[in-house]
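Visitor: I would like to learn how to read a few features here. Please take me through them.

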Amino acid sequence: LVLILTLGIAISTLIETMHDFAKLAGQIKVFRVQESECFCCSNNHRHPHTGRLMQCDRDQIYQKIQKWCATEDNKVDQLNSSLERFNTLVQEKLSSAVLEQFRGGPMQFSHVMEVACVCIFPDIVHRVHFMMRPDLSGVSYAAFCLRIAMQWSINALALTGAIRAFVLLSGL
């Protein structure tokens, strides 16, 4: 029962996370740095607790983007062209990199296994209790421990399969 509840919660959380990633990909495709919010501007450039004046994050970010994305041939309106170039980089390069992770691109098996193992880790604690068998020794004990480990790894593989099936069926 605990395993079923744990897997149910883990899979539900994973599905919700995958939907959030699907939204993220769409948001990246229409990203514009000019429309992003920053902490200082949303607090009228005053620290919400102390009331002290804060330097504008947007100005600093825009200066850095201009430094990264400026071209020599466009000195007139250099800031706007640098911002647009940055937007294009995010929308095209970052968007495709994010989508590759969740669409037809190869999912890194090691990451999936990490998630699967962490999700079912509480079950291994339960199984360790069964491994304390003073009546078994030698090959019998090794076979018994192997059986317990295989039962646990089957749960991890089942969760991995469910994750991959969700990714393929949802079109992420």
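Visitor: Is cysteine 41 buried, partly exposed or exposed?

Guide: Cysteine 41 has 29%, so it is partly exposed. This is a predicted model: local features need pLDDT of at least 70, side-chain atom pairs count only at pLDDT 80 or more, and totals for chains, interfaces and linings use all residues. Residues are numbered from 1 along each chain as its sequence is written, and side-chain values use heavy atoms, with hydrogens and water left out.

Visitor: How many disulfides are there?

Guide: A disulfide is a covalent bond between the sulfur atoms of two cysteines. The rule here asks for a pair of cysteine sulfur atoms within 2.5 Å. The count is zero. For cysteine 41, the nearest cysteine sulfur belongs to cysteine 38, 3.2 Å away.

Visitor: What makes up the largest nonpolar core?

Guide: In soluble globular proteins, nonpolar side chains tend to be buried together. A nonpolar core is a set of buried Ala, Val, Leu, Ile, Met, Phe, Trp, Tyr and Cys residues joined through side-chain atoms within 4.5 Å. The largest has eleven residues, including Ala25, Tyr62, Cys69, Phe86 and Leu99. Elements giving two or more residues to this core are α1, α3 (57-69) and α4. The largest share, five residues, comes from α4. Cysteine 69 is buried, at 5% relative accessibility.

Visitor: What is leucine 99 in contact with, leaving aside its neighbours within four places in sequence?

Guide: Contact means heavy atoms within 4.5 Å. With those neighbours set aside, leucine 99 touches Ala25 and Lys29.

Visitor: How are the rings of phenylalanine 31 and phenylalanine 86 arranged?

Guide: A pair of aromatic rings is described by the distance of the centres and the angle of the planes. Rings of Phe, Tyr and Trp (its six-membered ring) pair if their centres lie within 6.5 Å; planes under 30 degrees apart are stacked, over 60 edge-to-face, the rest tilted. The structure holds one aromatic pair. Its centres, in phenylalanine 31 and phenylalanine 86, are 6.4 Å apart with planes at 70°, so the pair is edge-to-face. Phenylalanine 31 lies in the loop between α1 (2-29) and α2 (39-42), phenylalanine 86 in helix α4 (residues 78-102), 55 residues apart. Phenylalanine 31 is partly exposed at 25%, while phenylalanine 86 is buried at 18%.

Key. Helices (H or I, at least four residues) and strands (E, at least two) are DSSP runs, numbered from the N terminus. Buried means under 20% relative accessible area, exposed over 50%, partly exposed in between (1.4 Å probe, protein chains only).
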